[in-house]
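Please look at the sequence and the model below before reading on.

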Amino acid sequence: MAIAEFHEFKTREELAEELAITVANKLVPDIEIGQFASLALSGGSTPKLFLNKLGAMLGEIGEMIYLALVDERFVPSDDPRSNENMVLKELGFNEHPETEFLSLFAQNSTPEEAATLAQVKLLEDEELPFDVLTLGMGLDGHTASLFPKADNLSAATDPSTNKLFQAITAPGADEPRITMTLPVIISAHYLVLHIEGAEKRAVFDEAMKDGDADALPIRHVLRHKGANLHVYWTP
C-alpha cells in the first residue's frame with residue numbers, strides 16, 4: 001500500500017489546524033520566489049474546518065495560489081451543491097478575485113465537453129503536478145468522484161490514461177460529475193486523504209485489505225506505489 005504516513009488526532013480541531021499548517025508550508029516556498037503554488041481540493045462537509053483555517057493562514061498570498069477542484073458536481077457555481085461554491089467560500093478566496101481558479105463547470109456544455117475544456121486549460125497553465133492535492137472518502141469507499149459502479153470508473157482509474165479529467169455518472173450521485181483521473185491524483189507532490197469518524201476508519205481499514213479495487217475505489221489510490229499519500233484521521 002502506498003501510504004507514506006498515517007496521522008491520527010484526538011479532535012477535528014487539532015486535525016484541521018495541523019493539516020492547514022502542513023499544506024500552507026508546502027505552498028509557501030513557491031510563492032516566496034514569485035511562482036504560483038498549485039493546490040487541488042475536494043469538497044464535502046468534512047474539510048470545511050480545515051479550509052477555514054487554511055484560508056486564514058494564506059491570507060493575501062491566496063492570490064498566488066493556482067486552485068483547482070479534484071471533482072465537481074455538474075451544477076452552476078452558485079448552486080448550493082457546487083464544490084466550487086463551498087470551497088471558495090470556506091477559504092475566503094471569494095475575497096481574492098485575482099486567485100487563479102480552474103472551474104470544472106462550463107455553461108452550455110456537456111460534462112464531457114467541460115472535462116475537455118478543463119484539461120486544455122490545465123495543460124496550458126502548466127501547473128502539473130499539483131504541489132498539494134486533498135482527497136476525502138465516502139462510506140461507500142469512493143474518493144473524488146470515483147464511485148463504485150460508476151459508468152466511466154475503469155477509464156478514470158486507468159493508470160495509463162491521457163485524460164486529466166473524466167465525466168462520470170454513478171448510482172447514488174444525483175448529478176453528472178467531473179473528476180480528476182487517477183494519474184493526476186497520484187502525481188501530486190503531497191497527497192492527502194482526510195477522513196473523520198469511526199465509520200470511515202472502518203471503511204479505510206477494509207480498503208487496506210485485499211479485494212476488488214472497483215468495489216472500494218479508494219483502493220486505486222491506496223495501492224498505487226507512486227503516490228506520496230498522507231492519511232489524516234480523527235475519531
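Predicted model: local features only at pLDDT ≥ 70, side-chain atom pairs only at ≥ 80, totals over all residues.

Helix H4 itself takes in residues 111–125, and its 15 residues reach 21 Å from the first C-alpha to the last, close to the 21 Å expected at 1.5 Å a residue.

Within H4, the buried residues are Pro111, Ala114, Ala115, Ala118, Gln119 and Leu122. Because they cover an arc of only 140 degrees around the axis, they lie on the same side of H4. An α-helix has 3.6 residues a turn, so residues three or four places apart point the same way. Among the elements that cover these buried residues of H4 are S3, S5, strand S7 (165–168) and strand S8 (177–180).

Two of those elements, S3 and S5, belong to an open sheet of seven strands, in which the order is S1-S10-S9-S6-S2-S3-S5 and the pairing is parallel. Strand S1 (3–8) and strand S5 (100–102) stand at the edges, and since each has a single partner strand, one side of each is left without a neighbour in the sheet. From one strand to the next, the twist averages 20 degrees. Strand S3 (residues 65–69) is joined to S5 by three bridges, the two strands running parallel, and Tyr66 has Glu100 in S5 as its bridge partner.

Helix H1 (residues 12–32) also packs on the sheet, where it touches S2, S3, S6, S9 and S10, and its direction makes about 165 degrees with that of S9. Helix H2 (residues 48–58) packs on the sheet as well, touching S2, S3, S6 and S9, with its direction at about 165 degrees to that of S2.

Conventions
Residues numbered from 1 in each chain as written. Heavy atoms only, no water. Pairing = 2+ DSSP bridges. Helix = DSSP H or I, 4+ residues; strand = E, 2+ residues; numbered from the N terminus. Axes fitted to C-alpha atoms, helices over the stretch in contact; angles between N-to-C directions. Contact = heavy atoms within 4.5 Å. Expected span 1.5 Å × (residues − 1). Buried < 20%, exposed > 50% of the residue type's maximum accessible area, 1.4 Å probe, protein only. Arc of directions from axis to C-beta.
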